[in-house]
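Visitor: I would like to learn how to read strands and helices in a model. Where do we begin?

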Amino acid sequence: LTLIPAVAQKTKFTADEYNEALKEAHEKLLQNKDGANADYIPVLAEVPSDLFGISICTVDGEIYDIGDSEHRFSIQSISKVFTLAMVMQRLGIRAIPDTIGVNATGRPFNSIVAIEVQPDRPSNSCVNAGAIATTSLVEGDTYDEKWNNIITTFSKFAGRDLDVDQEVYESEAATNNRNRAIAHLLEAYNRMYFDPVEATDIYTKQCAISVNSHDLAVMSATLANGGVNPQTKEKIIDEKYLPHIMAVMCTAGLYDDSGLWLYYVGLPGKSGVGGGVIAVAPGRFGIAAFSPRLDVAGNSVRGVRAIIEVSRKLGVNLF
Ligand code: DON
């Protein structure tokens, strides 16, 4: 597993190089059956486990897809990056460490202990507590205003009108007492900035937005391209925020396995329990992989490995 140091890397790749890297990773991992679907959100357990897709979108807007790249799944925690982007655009760089936090918790993504041991120090937008706090800070005075801002902005990131998987939303809304507890605990520590029940519900709906790996590649390519969607050419977020968003992704994008991810991939990434994973190669491309079976940390087994393979093959480790 030899990585190419940043100083020795190529910056441009041909279509053949992208397609070859995707094909190799897909073939190598196709038979891998490690891990298991998330089942704490009941309907996620029913998603066919063998689905496997990978997509790349370059900063020039070229798309490369392989496998089940059209299959729709719920974005889940990958949404956390894009609500962070919205809130950073709204409140500025300096507000984020104080209101939400940018440090790692070193604990599972839905940890309550992490809040309890450091109530004076906020958490991180990439874990549930920080993410619900982030959603509570999205612009809008009402539930509907906040939600409309989220779905509209996410659609701009993807370059098409996204919608919610109602079944996933209802399944999680019926079972999300833990996230509601997190929101109430944050409220008790003055770190919740909207009604905790409504903020949790908006967060749950945002996690149920339906995407495929193709959409996620465009969304992450928008981050790779300085906040401009490389397909629609629309500017979604100011360039100056991107280094800060990507730093938060590096710190906790793959939860308590973020260090291991950074060690092998060297790119900002984010995973979701729906089986999606994204990574951003700044100035080059966004990549997304989808495979429902997760490891114990909650990260897609083949999704993570696919991105390790492709990024190693192309040589895009930031370091
Ligand atoms: O809040 C939850 O538990 C889910 N809506 C999202 C969690 C998630 O995706 C963590 N990912 N690995």
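Visitor: Which residues of strand 7 lie on one side and which on the other, and are they buried or exposed?

Guide: A word on the source: this is a predicted model. In a regular strand the side chains alternate between the two faces of the sheet. In strand 7, one side holds Phe285, Ile287 and Ala289, and the other holds Gly286, Ala288 and Phe290. Both faces are covered, and these residues are all buried.

Visitor: Which strand pairs with strand 7 over six bridges in a hairpin, and in what sense?

Guide: Strand 6, residues 276-281, pairs with strand 7 in the antiparallel sense over six bridges. The hairpin has three residues between the strands, and Gly283 takes a positive phi near 75 degrees.

Visitor: How many bridges join strand 1 to strand 7?

Guide: Six bridges join them, and the two strands run antiparallel. Strand 7 spans residues 285-290. Ser55 stands opposite Ala288, and the bridge partner of Thr58 is Phe285.

Visitor: Where does strand 1 pair with strand 2, and over how many bridges?

Guide: Strand 2 covers residues 63-67 and pairs with strand 1 in the antiparallel sense over five bridges. Ile54 has Ile66 as its bridge partner.

Visitor: Now the helices. Which residues of helix 6 are buried?

Guide: An α-helix has 3.6 residues a turn, so residues three or four places apart point the same way. In helix 6, the buried residues are Lys146, Ile150, Thr153, Phe154, Phe157 and Ala158. They cover an arc of only 140 degrees around the axis, which puts them on the same side of helix 6. The face turned away from that buried side carries the exposed residues Asp144, Glu145 and Thr152.

Visitor: What do the buried residues of helix 6 pack against?

Guide: They pack against helix 2 (79-91), helix 9 (196-207), strand 4 (210-211) and helix 10 (213-224). After helix 6 comes Gly159, with a positive phi near 75 degrees.

Visitor: Why is helix 2 described as largely enclosed?

Guide: Ten of its 13 residues are buried, so helix 2 is largely enclosed by the rest of the structure. Among the buried residues are Ser79, Lys80, Val81 and Phe82. For its length, 13 residues at 1.5 Å a residue should span 18 Å, and the end C-alpha atoms of helix 2 are 18 Å apart, which agrees. Just after helix 2, Gly92 takes a positive phi of about 95 degrees.

Visitor: Which residues surround the ligand, and how do they divide into nonpolar, polar and charged?

Guide: The surrounding residues are Gln76, Ser77, Phe109, Asn110, Asn128, Glu172, Asn179, Cys207, Ser271, Gly272, Val273 and Gly298. This shell divides into three nonpolar, eight polar and one charged.

Key. Residues numbered from 1 in each chain as written. Predicted model: local features only at pLDDT ≥ 70, side-chain atom pairs only at ≥ 80, totals over all residues. Near = placed C-beta within 6 Å. Nonpolar A, V, L, I, M, F, W, Y, C, P; charged D, E, K, R; others polar. Pairing = 2+ DSSP bridges. Helix = DSSP H or I, 4+ residues; strand = E, 2+ residues; numbered from the N terminus. Buried ≥ 20, exposed ≤ 12 C-beta atoms within 10 Å, placed from the backbone. Arc of directions from axis to C-beta. Contact = placed C-beta atoms within 7 Å. Expected span 1.5 Å × (residues − 1).
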